[in-house]
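Student: I have just opened this structure and would like a friendly guide. Could we go through it together, one question at a time?

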Amino acid sequence: MTAARIYVPRETSAVSVDADEVAVEIARVAKHSGTEIELVRNGSWGASWLEPLVEVEVDGVRIAYGNVGPGDVAGMFADGLVEGGEHARRLGPIQEIPYLIEQDRWTLFRCGLIDPLSVRNFRAAQGFNALEKAFADGPEAVLSAVVESGLRGRGGAGFPTGIKWRTAAETVADQKYIACNADEGDSGTFSDRLLMEGDPMCLIEGMAIAGFATGASKGYIYLRSEYPLTHRILTRAIDAVRDAGWLGDDIQGSGFGFDIEVHLGAGSYVCGEETAMLESLEGRRGIVRAKPPLPAIHGLFGKPTVVNNVITLASVPNIVNLGGDRYASFGVNRSKGTLPFQLSGNIKRGGVVEAAFGITLRELIEGYGAGTASGRPVKAVQVGGPLGAYLPAEQLDIPMDIEAFADIGAMIGHGGIVVFDDTADMAQQARFAMEFCAIESCGKCTPCRIGSTRGVEVIDRIIADQDRDVNYDLLNELCDTMEDASLCAMGGMTPYPVRSILKHFAEDFASQ
Amino acid sequence: MSEYDPQPVSQVIEQYEARPEMLVQILHAVVDRLGYVPEQAIRQLADELNLSRADVHGVVSYYHDFRTEPPGRHIVKICQAEACQAMGSRELVAHAESSSGSDVTLEPVYCLGNCACAPSIMVDGKTIGRVDSKRFDRVLARLGGAA
């Protein structure tokens, strides 16, 4: 009998709820009982609510066990774990879990499936096929496919990726860069992390393709320091890929050379803004630069630089493999393709759900998410991170469409969806929006630097019932100033959550 | 107070080939080694990287990660961003402030990216999820020696 293959994720969320301890216990019990096993530390499938999610491979089928604690392991072995035996934690074949099979896994299709550090696993699951195809078809074919796909930046701004790449490709320079923005700072977002921990080579391949298409030989990944485990996985993956000859000089005899360096952020939210990120990559304070010039023309160290989010770059290999038209067949209107939506906050089934644009917020929250964790009614949903609007329960039928959100003063951003139940005090959430801006403002422009602090004070006066009408007017004027006159989205969009709360939850200010 | 030893910082600078554009990475390495960025290190970095002290000080003071005071024996960061707020992080902060010993440095952090397993904390660089006050107490008790 061959060794039973058992999977335990090495991903942050799984590890945060004791997956390492579960793995150690599995190894211990197996040894003690003389059972031969092969322990694989895979990525997470993204069903975070089921973590630690353990799988055992039986006749080629992976049987899942959810919410496994170290204390469950001995009992699972006793109940025949290696044959996929019945147990209270048993969920059945992973491929039959509705949360996973109903998704459109375009970008995350390898997450959970493979050992993220194995080049062989990656190759066996179509890894580097797209880079080979790019070498065969040439840069222009890649650019055309990305333009045709309709892919827009997944960091939040939604700028067409193909246009950005073409701009960089057409700019003549002795050196160009690909700068991957992995400073996933929005609260309620973790899809970049899931991808980098579950399928880091997909990002590496996407960056190499971007380099090939635009003529860049050097890539940087700007990774937030709050992701230390991601950092370890990513750097090991890059080393493994380099050792296998898919990074470095003359990749696979193509004549194209490309390499990647990982830089750590240092706890600054604004460094997720592309020009602040470039400043930080150059070793300086993460202060926002005025645009133009565009980074695609004058970016890192003054050279043409493609700045793309992790998911944007990781979506590219399949666009090259399967065709831009195929990607564009997903989604609605100008929101083409898929987005890994991230469900969190007060929700029963939190995790990452990759779905085509057009799915409604209700389908995500009530369908995939199964409602609030507390069982109480949904009061508000913040979409798009700390700069995103809070939507009331009545707006849940809105489709996930970048323009539809913009039309109601909201944004999808990086796809974070944070649910609050009816116990939430929305006046405090409005105050926090301003407070967060005050803490994280880079300080370059006055509306953001000063406005946010004044905003906290005005909201405090409203909550304390001091001259409420006057202070409401003042808050509105302050929001106008911040929106109109801030240099970047930090100050410019902090009014979004504040105004959405004034509009939909005004009673929370009065109830103090 | 003990004499400042320039050796560790010199080693870090050497490791990064004294490239000034690596300052953020260099400061990370300094904090990894010393636990914080001492005033003397700022002078030394400025000298050896050919930057002004204002340049180095500016970078140190800009980023949350670069503390300039020695921390306690353990650093516990509690996520205070929206997803964790929705799951009771404000209550967790109150609990932590009233129950943590003096060898623990409590710091706020705005998102650990563990939002679907909220509330989250980070203890000496390790992210821990689904932390209610009971789990918080168990985690701190395991640190050993902590009150």
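Tutor: Gladly! One definition to begin with: two strands pair if DSSP finds at least two bridges between them. Please keep in mind that this is a predicted model.

Student: How many bridges pair strand 3 of chain A with strand 4 of chain A?

Tutor: Strand 4 covers residues 61-65 of chain A. Within this pair, Glu55(A) stands opposite Ala64(A). The two strands run in the antiparallel sense, and the number of bridges is five.

Student: Which residue in the turn of that hairpin has a positive phi?

Tutor: Strand 3 and strand 4 of chain A form a hairpin, with two residues between them. One residue in this turn has a positive phi of about 50°, and that is Asp59(A).

Student: In strand 5 of chain A, what is the bridge partner of Ala64(A)?

Tutor: Strand 4 of chain A is also joined to strand 5 (residues 90-93) of chain A, by three bridges. Those two strands run antiparallel. On strand 5, the partner of Ala64(A) is Gly92(A).

Student: Is Arg41(A) buried, exposed or partly exposed?

Tutor: Arg41(A) sits in the loop between strand 2 (37-40) and strand 3 (54-58) of chain A. A residue is buried with 20 or more other C-beta atoms within 10 Å of its own, and exposed with 12 or fewer. Arg41(A) has 18 C-beta neighbours inside 10 Å, so it counts as partly exposed.

Student: How far apart in space are Arg41(A) and Pro9(A), C-alpha to C-alpha?

Tutor: In sequence, 32 residues separate them. Leaving out residues up to four places away in sequence, Arg41(A) touches Val8(A), Pro9(A), Arg10(A), Ala23(A) and Asp115(A). The C-alpha to C-alpha distance from Arg41(A) to Pro9(A) is 5.0 Å.

Student: Which strands stand at the edges of the four-strand open sheet in chain A, and why is one side of each left without a neighbour?

Tutor: The order of this sheet in chain A is 8-7-6-9, and the pairing is parallel.

Student: What is the bridge partner of Ala179(A) in strand 7 of chain A?

Tutor: Strand 6 (residues 177-182) and strand 7 (residues 218-223) of chain A run parallel and are joined by six bridges. In strand 7, the residue bridged to Ala179(A) is Tyr220(A).

Student: At about what angle does helix 13 of chain A run to strand 9 of chain A?

Tutor: Helix 13 spans residues 310-322 of chain A. This helix lies across strand 6 and strand 9 of chain A. Its angle to strand 9 is about 95°.

Student: What is the order of the five-strand open sheet in chain A?

Tutor: Its pairing is mixed. Strand 13 (351-356) and strand 15 (390-392) of chain A are at the edges, each with a single partner strand. Strand 12 (residues 338-345) pairs with strand 13 in the antiparallel sense over six bridges, and Thr338(A) stands opposite Ala356(A). The strand order is 13-12-16-14-15.

Student: How far apart are the C-alpha centres of domain 1 and domain 4 of chain A?

Tutor: The domain assignment gives domain 1 as 4-101 and domain 4 as 426-510 in chain A. Their C-alpha centres are separated by 47 Å.

Student: How many helices and strands does chain B have?

Tutor: Along the sequence, the pattern of chain B is α-α-α-α-β-α-α-β-β-β-α. Of its 147 residues, 38% count as buried. The tally for chain B is seven helices and four strands.

Student: Which helix of chain B gives the most to the side that touches chain A?

Tutor: In all, 35 residues of chain B are in contact with 43 residues of chain A. Helix 2 (23-34) and helix 4 (53-62) of chain B are among the elements that each supply at least two residues to that side. The most, four residues, comes from helix 2 of chain B.

Methods:
Residues numbered from 1 in each chain as written. Chains lettered and ligands numbered in written order. Predicted model: local features only at pLDDT ≥ 70, side-chain atom pairs only at ≥ 80, totals over all residues. Contact = placed C-beta atoms within 7 Å. Axes fitted to C-alpha atoms, helices over the stretch in contact; angles between N-to-C directions. Domains from an automatic or database assignment.
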